[in-house]
Amino acid sequence: TSRALFGALIYPASVLVVACLSISFLFAFVVPQFASLLESFQKEPPLAMQVLLLFSAWFQQAALPLACVALILIAYVVYRRRDLAFRAGFDRWLLRLPLLGGMLGKSEAERLAYLLGNLIAAGVPVPDATAATGEALANATYRMHLVAAERAVARGDRLSAALAAGSLLPELALELVRVGEETGDLATMLLRASDMLRRDLGASTTELIALVTPV
């Protein structure tokens with residue numbers, strides 16, 4: 001599901017990158033040519049053109065330092081992600097981002113329900129299935145909460161309560177897990193929750209692309 005999510009965002013992201021590069025080229029090389037042309041006319045340019053020239057001058061001075069700062073920040077994040085505490089904090093911040101954070105959370109929740117349902121259906125005990133699922137999750141925050149859920153299940157807590165404590169699944173998916181526990185059909189209900197989350201994620205992805213593409 002994560003691959004489908006990022007695959008769907010490749011086109012609008014690539015268009016945005018090309019647009020930024022094109023605008024940067026205009027401000028760095030094309031607009032300054034208009035400045036010298038307007039000076040030869042010996043006439044004050046319109047206000048809009050003055051603003052454009054001022055922004056172009058600022059861009060030429062600030063573009064390189066800003067690019068260096070951005071590269072340093074990216075390198076710092078990549079290096080620090082080796083630290084589990086930093087990775088958990090960074091992944092927690094990602095989950096709080098507007099639109100994208102909610103979709104990342106749904107993607108992790110769908111993967112959790114799918115893997116856990118399949119492992120339990122294969123006869124793996126719930127605590128072991130929970131531990132194995134945590135190793136397969138991409139988001140460090142989800143993995144940390146699932147470790148706590150594994151300990152709670154090992155103590156005898158119900159899986160639904162352990163998952164709810166870490167806000168690992170949305171309420172409707174948790175309700176399916178509760179029904180599965182009460183009926184003795186936990187694996188089937190987890191897989192049904194996974195299907196529900198996958199459809200919800202697909203709809204959210206379509207909505208996000210519809211918003212991003214015009215921009």
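Helices (H or I, at least four residues) are DSSP runs, numbered from the N terminus. The model is predicted: local features need pLDDT of at least 70, side-chain atom pairs count only at pLDDT 80 or more, and totals for chains, interfaces and linings use all residues. Residues are numbered from 1 along each chain as its sequence is written, and side-chain values use heavy atoms, with hydrogens and water left out.

L26 belongs to helix α1 (residues 2–41).

S56 is part of helix α2 (residues 47–80). Its relative accessible area is 2%, so S56 is buried. The S56 side chain comes to 2.6 Å from the backbone oxygen of F27. Beyond residues up to four places away in sequence, S56 touches F27, V31 and P32 (contact: heavy atoms within 4.5 Å).

The largest nonpolar core contains 27 residues. Such a core is a set of buried Ala, Val, Leu, Ile, Met, Phe, Trp, Tyr and Cys residues joined through side-chain atoms within 4.5 Å. L112, I120, L159, L163 and L169 have the most contacts inside it. At least two core residues come from each of α4 (100–121), α6 (140–154), α7 (159–165), α8 (171–183) and α9 (186–212). Helix α9 gives the most, seven residues. Neighbours within four places in sequence aside, L163 contacts L112, L146, A149, L168, L169 and L174. A second, separate core has six residues, including V31, L38, L53 and F59.

Note on methods. Buried < 20%, exposed > 50% of the residue type's maximum accessible area, 1.4 Å probe, protein only. Polar contact = N/O pair within 3.5 Å; in protein donor to acceptor, adjacent residues only side chain to side chain.
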